[in-house]
Protein chains: 4
Amino acid sequence: MEKTIMINEVLEKIRTYYLEMLPFNKVLGIGIDLLDYETGDAVTSFDMKKDLIGNPIAGILHGGVTASIIDLTGGLSALLSCAKYHQNKPIDVIEKKLVSSATIDMRVDYLRPGKGVSFKCLSRVIRAGSRIVVAKIDLYNETDLRIATGTATYLIG
Amino acid sequence: MEKTIMINEVLEKIRTYYLEMLPFNKVLGIGIDLLDYETGDAVTSFDMKKDLIGNPIAGILHGGVTASIIDLTGGLSALLSCAKYHQNKPIDVIEKKLVSSATIDMRVDYLRPGKGVSFKCLSRVIRAGSRIVVAKIDLYNETDLRIATGTATYLIG
Amino acid sequence: MEKTIMINEVLEKIRTYYLEMLPFNKVLGIGIDLLDYETGDAVTSFDMKKDLIGNPIAGILHGGVTASIIDLTGGLSALLSCAKYHQNKPIDVIEKKLVSSATIDMRVDYLRPGKGVSFKCLSRVIRAGSRIVVAKIDLYNETDLRIATGTATYLIG
Amino acid sequence: MEKTIMINEVLEKIRTYYLEMLPFNKVLGIGIDLLDYETGDAVTSFDMKKDLIGNPIAGILHGGVTASIIDLTGGLSALLSCAKYHQNKPIDVIEKKLVSSATIDMRVDYLRPGKGVSFKCLSRVIRAGSRIVVAKIDLYNETDLRIATGTATYLIG
């Protein structure tokens, strides 16, 4: 029971941090569709809008938007892993650990032109260590066509 | 003489395309400081602003902004290589080739927190083929501290 | 019927090339378990032996062996894609195309220590173009534990 | 004086470990040309030989050999950083830390066909942390032509 309350509090902190406190996430217009505390899986989504376009003729996502979404969705998996690793510590300690987590490196593969009206990005943890988290991240459009895939390594606080 | 005119026209096309036609580049607020037609080197710059922040406590660049700048600055090297490869073709053919160029994949290494008031990003071509261009890209802040480095592979039109 | 004969001939060429003509593949001691002409999927396998060790205390695979296996298994997917793309051409033309195919870049993620007595490596094509093939490759030990994962981009002949 | 003795002892440990205890390094036939304790820079070298060939027609290095050399040369930079970080600890503690260091991930870019009679590989530390080391590694042939470049992230013990 108490554990459930703690988990919900942590998930709420992560959600608020991402959606309200990070200006660039607001520019991108992302939402959080899933935060799985047990597995570290995360899903984000966003809609196409003019500001995100990188090729006006084809009307497709800017490669930087794709890279940003992949980084930030994998980052949610890193935060979940961080929270779980420190789960027996007080919430304010966990909060500090979350904020000091950061991407070490990332690879993005642009598989198809970023066409679509709405997009969904899924991250799964493929390595969960006490300091290092590696996530595999995939970006799909509304027809479930995979636009891009990526792998990112995070240092957790 | 004629060649110089053609080069200037191409450089102007690339500049206009990047700075006026790509909405996401406007969101980032980039400028183009160098386009070296012979070598493919390119330099972009931008100032810190609230919209680009990814950690409100540390006041540092969002990892997605860093990745975006690395992708788009390397992209300029790809466009320069593309233009040079097709240099004997008519300008409207070159223009189509430019627009159909695209990033294949990219690695970004986040070396230091993205602190700073203004940033400069340098791209150098390390592989120039008829179809494939690979660029090495570095992002510095105003104190010449390297924030991030990356390598990106582009398919040229 | 004729197409089947051609496919078998191509698969045999790829097999002979990999297993008999590439000295370093012999050093590694690889076998080919699957070559799927239609999908581009490929599976290789090899046994642990002293020469492949990179940490004598832990008795685990050298990181270079892991990277080599990932590169060469993904390379099979690239060759299959190359053969399929040129399928209507004479076999000696296809053969030349195969031999001129090459890795452009690769990322390897070392997920767990390379412990095991035998290993299996699976490659799947995630982008198949006329010139560029991108493969996702995973290395498992005999207990189906994933040791490493990778993504590689190939230029096909 | 004492510090110099300790440094020499550590460098000798790293050298012996790499050259005598790692079977796969012997297969590759590498030598160590430089180990800079202060900067973390490292240089290795090796000669072309039949076993390292990956394309019998072109007579070029196997992509796996290139990846292996890049991984292991960057690994020397990681070991040097590890030794320096733990420099005030007893030599047997340092030794254990060295052996538990490992590659997290690596990108390799194959810039040119691996032609040559002898090769030199240089690694420079581009990020040195208490746990994470990132190295930039370049492989050259005897004419100083760059064959490949890479970036690798290491977890130090």
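Q: What is the order of the strands in the open sheet?
A: Helices (H or I, at least four residues) and strands (E, at least two) are DSSP runs, numbered from the N terminus, and two strands pair if DSSP finds at least two bridges between them. Here the open sheet has 12 strands, paired antiparallel, in the order β1(A)-β2(A)-β6(A)-β7(A)-β8(A)-β5(A)-β5(B)-β8(B)-β7(B)-β6(B)-β2(B)-β1(B). β1 (31–35) of chain A and β1 (31–35) of chain B are the edges; each has a single partner strand, so one side of each lacks a neighbour in the sheet.

Before going on: this is a predicted model, where local features need pLDDT of at least 70, side-chain atom pairs count only at pLDDT 80 or more, and totals for chains, interfaces and linings use all residues. Residues are numbered from 1 along each chain as its sequence is written, with chains lettered from A and ligands numbered from 1 in the order in which they are written.

Q: How many bridges join β7 and β8 of chain A?
A: Nine, linking residues 132–141 and 146–155 in the antiparallel sense. A:I132, for instance, has A:L155 as its bridge partner.

Q: Which residues of α1(B) are buried?
A: Buried means 20 or more other C-beta atoms within 10 Å of a residue's own, exposed 12 or fewer, partly exposed in between, with C-beta atoms placed from the backbone. In α1(B), they are B:V10, B:I14 and B:Y18. They cover an arc (of directions from the helix axis to the C-beta atoms) of only 60°, which puts them on the same side of α1(B). Exposed residues on the other side include B:E2, B:N8 and B:E12.
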